[in-house]
Amino acid sequence: MREDSLDFDKLGIHLDKTDIRILKLLANDSRISYAEIAREVHLSRMAVRERVMKMLEEGIIERFTVQLNSKKVGLNTPVFLQVKAVPNKLDDVANALAEYSQIESIYAMTGKNELYADAFVEDIESLEKFIFEEIYKIEGITEVEYNIITKKYKTRRLFT
């Protein structure tokens, strides 16, 4: 589904085209000023501020953030981890993994006692060290598989 084809009304979220345009501008640059947004959407700065505050209060906007270029900060190796765990330890393992700065996101999915994580490390040597000297020390982990990401097609995260 293309981003511009989302029908928020069908999802029970009442956002008009202006709200959606504001969200897209903020997603592209969270530092954009209300004045700049106002010029783009043809509203007053205060009207834009009110809309943003309302979306914050309703939890539609969770936070404003920055997206780093991993290579520019020395994390040249993006990796996808598949972490298998003992069923009754899955939450404990996820919480332990979340403590590592190398791990950007962690997901549990239906079907298996596995966690999926996106991580960034310096190189293959540091990846192996991270997995075998850190990850495998977490109680409840039974197996770790990993795939090095060779090409990124899209990295912008609009939804959490």
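This is a predicted model: local features need pLDDT of at least 70, side-chain atom pairs count only at pLDDT 80 or more; totals for chains, interfaces and linings use all residues.
## Overall layout

The protein chain has five helices and four strands. Helices (H or I, at least four residues) and strands (E, at least two) are DSSP runs, numbered from the N terminus. Residues are numbered from 1 along each chain as its sequence is written, and side-chain values use heavy atoms, with hydrogens and water left out.

## Surface, burial and contacts

The protein chain exposes about 11400 Å², of which carbon and sulfur atoms supply 49%. Accessible areas come from the Shrake-Rupley method with a 1.4 Å probe, and for residues only the protein chains shown count as cover. Of the 160 residues in the protein chain, 29% are buried. Buried means under 20% relative accessible area, exposed means over 50%, and partly exposed is in between (1.4 Å probe, protein chains only).

A contact means heavy atoms within 4.5 Å. Among contacts in the protein chain with a separation of 6 or more, 61% are between residues 24 or more positions apart.

## Helices H2 and H3

Helix H2 covers residues 34–41 and helix H3 covers residues 45–57. Their axes come within 8 Å and cross at roughly 105°. H2 and H3 are therefore roughly perpendicular to each other. On the H2 side, the contact is made by Tyr 34, Ala 35, Ile 37, Ala 38 and Val 41. On the H3 side, Arg 45, Val 48, Arg 49, Val 52 and Met 53 take part.

The axes are lines fitted to C-alpha atoms, for helices over the stretch in contact, and angles run from 0 to 180 degrees between N-to-C directions. Angles under 35 degrees count as roughly parallel, over 145 as roughly antiparallel, 65 to 115 as roughly perpendicular and the rest as oblique.

## Salt bridges within and between helices

Side chains of opposite charge can pair when their charged atoms come close. A salt bridge is a side-chain nitrogen of Lys or Arg within 4 Å of a carboxyl oxygen of Asp or Glu. By this rule the count comes to nine salt bridges.

One of them joins Arg 51 to Asp 19, with the closest N and O atoms 2.8 Å apart. Arg 51 lies in helix H3 and Asp 19 in helix H1, so the pair ties together parts that are 32 residues apart in sequence. Helix H1 spans residues 17–28. Asp 19 is buried at 10% relative accessibility, and Arg 51 is partly exposed at 23%. Leaving aside neighbours within four places in sequence, Asp 19 is in contact with His 14, Arg 51 and Met 55. Another salt bridge is formed by the side chains of Arg 39 and Glu 36 (2.7 Å, N to O). Arg 39 and Glu 36 are three residues apart in helix H2, so about one helical turn separates them. Arg 39 is exposed at 53% relative accessibility, whereas Glu 36 is partly exposed at 27%.

## A salt bridge between strands

The side chains of Glu 143 and Lys 84 also meet in a salt bridge (3.7 Å, N to O). This pair links distant parts of the chain: Glu 143 is in strand S4 and Lys 84 in strand S1 (residues 77–85), 59 residues apart. Glu 143 is partly exposed, with a relative accessible area of 33%. Lys 84 is partly exposed at 22% relative accessibility. Lys 84, Glu 114, Glu 143 and Glu 145 are linked in a network of salt bridges.

## A nonpolar patch

Which residues form a nonpolar patch on the surface? They are Ile 124, Phe 132, Tyr 136, Tyr 146 and Ile 148, with about 460 Å² of accessible area together. Patches are made of residues with over 30% relative accessible area and no salt bridge; like charges are joined within 9 Å, and nonpolar side chains (Val, Leu, Ile, Met, Phe, Trp, Tyr) within 5 Å. Helix H5 (124–133) and strand S4 (141–148) each supply at least two residues of the patch. Tyr 146 lies in strand S4 and counts as partly exposed at 30% relative accessibility.

Asp 123 is found in the loop between strand S3 (114–121) and H5. Asp 123 is partly exposed, with a relative accessible area of 35%. The C-alpha atoms of Asp 123 and Leu 75 are separated by 7.3 Å, although the two residues are 48 residues apart along the chain.
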